[in-house]
Amino acid sequence: SLAARAGAAHVYARSHGLSPRVVRNGLPPPEPAEGARQALAAEAGFLVGGVGRLSAQKGWDVLCRAARLVRRERADAIFVVVGDGEERAELTAEPGCGDVRFLGYRPQASSLLAGMDLLAMPSRFEGLPLVAIEAMHSGVPVVAARVGGVPEVLGECGVLVPPDDPRALADAILALARDEARRVELAGRARERARALFSPERMAAETAAVYEAALAR
């Protein structure tokens, strides 16, 4: 993964007597789209969303299997995925994905996060996932696979599950769907974490400090 390669580069640099410094990405809070909820689903219900390329990396087939398990207990659960990619035809034709709506590419997809009750990230590998940061800024609770840089981003402000485990993903979604207070708590802590660790101002200041230190030498 990108996170693994970054870690390897860090170790390599240190082994050659260098002192590398990691600067995490920073993003501004997405501007919520007007009518974001309606743009994702016409009917009322508990809306679980996903945002990303339709590729094997993102694990949308895992979400499909989890969605079927969830809907056995929560018929009001709605699953949507925003994004396009090489697996679109396969996913939309797969009978097992009948409980998930693949909405295709949407410009400024992050503006639709505000319409979701929960963001699902069933990825098989990740670097440092920007959509998780955008969800945190937007106050949307996140359930994600414990891969790559995802734990580094979420900390204690999201729910992590094993990758390629539909049952664990479904159980986490159901638990949060039943517990509004927990969702509110996670969303509040996530907003604070995003402001503290993943703001563009922090990224710019740390990047400037790297250049200033280099110039001083």
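Glycine 49 sits opposite leucine 119 in E4, and glycine 49 also stands opposite valine 80 in E2. Strands here (E, at least two residues) and helices (H or I, at least four) are DSSP runs, numbered from the N terminus. The model is a predicted one, with local features needing pLDDT of at least 70, side-chain atom pairs counting only at pLDDT 80 or more, and totals for chains, interfaces and linings using all residues. Residues are numbered from 1 along each chain as its sequence is written, and side-chain values use heavy atoms, with hydrogens and water left out.

Back to E1 and its partners. Strand E1 (residues 46–51) and strand E4 (residues 118–121) run parallel and share 2 bridges, while E1 and E2 pair, also in the parallel sense, over 6 bridges; pairing requires that DSSP find at least two bridges between the strands. As for burial, 6 of the 6 residues of E1 are buried, so the strand is largely enclosed by the rest of the structure. Buried here means under 20% relative accessible area, exposed over 50%, and partly exposed in between (1.4 Å probe, protein chains only). Phe46, Val48 and Gly50 point one way from E1, Leu47, Gly49 and Val51 point the other way, and all are buried.

Val100, Phe102 and Gly104 make up the covered face of E3, and Arg101 and Leu103 the uncovered one.

On a 1 Å grid over the protein atoms alone, a cavity is a set of points where a 1.4 Å probe fits but cannot get out, a pocket is an open set with protein on both sides within 12 Å along at least five of seven lines, and lining residues have an atom within 4 Å of a point. Grid points are joined across faces, edges and corners, and a volume is the space filled by probe spheres set on the points. The largest pocket holds about 430 Å³. Its lining has 27 residues, and Val51, Gly52, Arg53, Lys58 and Val131 are the closest to its centre. Helix H5 (residues 130–138) gives the most to that lining, with 3 residues. By class, the pocket lining splits into 14 nonpolar, 7 polar and 6 charged residues, where Ala, Val, Leu, Ile, Met, Phe, Trp, Tyr, Cys and Pro count as nonpolar, Asp, Glu, Lys and Arg as charged, and the others, Gly among them, as polar.

There is 1 cavity of 30 Å³ or more, and the largest cavity takes up about 40 Å³. Residues lining the largest cavity include Met121, Val161, Asp164 and Leu169, and the lining as a whole has 9 nonpolar, no polar and 2 charged residues. Aspartate 164 lies in the loop between E6 and H7 and, at 43% relative accessibility, counts as partly exposed. Its C-alpha atom is 8.0 Å from that of alanine 145, 19 residues apart along the chain.

Among the buried residues of H7 are Pro166, Leu169, Ile173 and Leu176.
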